[in-house]
Amino acid sequence: MAVRQTIDPPAYRRIVQITLFFVTAIIVTGASVRLSGSGLGCPTWPRCTSTQMVDISSPHRAVEQINRLFTGGVTVACAVAFSGAFLRRPYRRDLAWFGALLVAGVLMQAVIGGIVVLLELQWESVALHFIASFVLLYGNLELLRRAGAGPGPRTLCVPTTIRRHTETVFGLLLVVLALGTVVTGAGPHGGDAHVRRLDWPVEDAARLHSIAVWVLVATTLWLAARLQRLGLREQFDRAGTLVAAMVFQGAVGYVQWFNRVPPVLVGIHVLGAALVFMAATQLRFGSFVAPPEIIAVESTATATA
């Protein structure tokens, strides 16, 4: 008599939520490597040095090594989300598919991280590494959304013009994120004192980034006003969450700039970017409604001969 353990939908959703924590945290821990000047603490990849897989003999090596080990934890979390989709009852192919994409995404991130080291932290590679983290984060949010809803197609629940406005907000956020990497490329925190930086005055890069942020804020406030006027309460609340996240992020941004971008505040700003992205993604998801999950009452342990 063999016993196969199964997972009910609420339990699987909790697994995906835990994965989301790890995927978000790796964005911040990755930034801490750069902000502490530890980007080349381990000069090779996947080994820390040419002779040692793990080396914490110096502070910089310890920081980089901890981040690499944490990447392993993220990989395990994504693998659990993937394998859990096969144990979930009822089984959903879309959840297994997105779980597989998470595993592929985190492995690709590890490879990009290795390339960043081999290219000695060239700012373009660091920017790619950062943007790829948000692609992974979006995939995790999509898996979480699907895990909390039933199978089947989503239905548009807002006017088409509102949906387009929401997509515009999301697109502007992507522009803001991309310009943020340009500011980083021109700024003082390159991960090592000797890496090649973007040959562009950081003041100009920051000014362009700031203009894009203000356009994003104005567009979001306009969307919130339209949602309130149409009585779309749930979508309005999501837009309000995004505005609150952007206000927090903007305040941190200006404080860090006028205090000569101290590493701690930059790290908080990176976390803020992840929070803004999550709020914008939830706003985007809010344009559609999915069928509810129908959960059959059954034992979580199924006995099979």
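## Helix packing and a pocket

α6 crosses α7 in a left-handed sense (near helix turned anticlockwise from the far one by less than a right angle; clockwise is right-handed). Elements are DSSP runs numbered from the N terminus: helices H or I, at least four residues; strands E, at least two. The model is predicted, with local features needing pLDDT of at least 70 and side-chain atom pairs 80 or more, while totals for chains, interfaces and linings use all residues. Numbering starts from 1 along each chain as its sequence is written, and side-chain values use heavy atoms, without hydrogens or water.

**α6 with α7.** Helix α6 spans residues 202–230, and helix α7 spans residues 233–258. They pack at about 160°, with axes 10 Å apart (lines fitted to C-alpha atoms over the stretch in contact; angles from 0 to 180 degrees between N-to-C directions). α6 is therefore roughly antiparallel to α7 (over 145 degrees; under 35 is roughly parallel, 65 to 115 roughly perpendicular, the rest oblique). On the α6 side, the contact includes V202, W214, L221 and Q228 (contact: heavy atoms within 4.5 Å). On the α7 side, F236, M246, Y254 and W257 are among the partners. By class, this contact has 15 nonpolar, four polar and one charged residue (nonpolar: Ala, Val, Leu, Ile, Met, Phe, Trp, Tyr, Cys, Pro; charged: Asp, Glu, Lys, Arg; polar: the others, Gly among them).

**α5 with α6.** Helix α5 covers residues 160–186. Its axis comes within 9 Å of that of α6, and the two cross at roughly 160°. That angle makes α5 roughly antiparallel to α6. The crossing is left-handed. The contact of α5 with α6 divides into 21 nonpolar, eight polar and one charged residue.

**α4 with α8.** The axes of α4 and α8 come within 11 Å and cross at roughly 40°. The pair is therefore oblique. Its crossing is right-handed. α4 contributes F130, F134, L137, Y138, L141, E142 and R145. From α8, the residues include V270, F277, M278, R284 and F285. This contact of α4 with α8 has 11 nonpolar, two polar and three charged residues.

| Pair | Angle | Axes |
|---|---|---|
| α6 and α7 | about 160° | 10 Å apart |
| α5 and α6 | roughly 160° | within 9 Å |
| α4 and α8 | roughly 40° | within 11 Å |

**Second largest pocket.** The second largest pocket has a volume of about 260 Å³. Its lining has 14 residues, with R145, R238, F285, F288 and A290 nearest the centre. R145 and F285 also belong to the contact of α4 with α8. α4 (123–147), α7, α8 (263–285) and β3 (288–289) each supply at least two lining residues. By class, the lining has six nonpolar, three polar and five charged residues. A pocket is an open set of points on a 1 Å grid over the protein atoms alone, where a 1.4 Å probe fits, with protein on both sides within 12 Å along at least five of seven lines; lining residues have an atom within 4 Å of a point. Volume is the space filled by probe spheres on the points, joined across faces, edges and corners.

**Backbone details.** R89 and P90 are joined by a cis peptide bond, with omega about 5°. P90 sits in the loop between α2 (59–87) and α3 (93–118). E120, in the loop between α3 and α4, has a positive phi near 55°. Most residues other than glycine have a negative phi, and most peptide bonds are trans.
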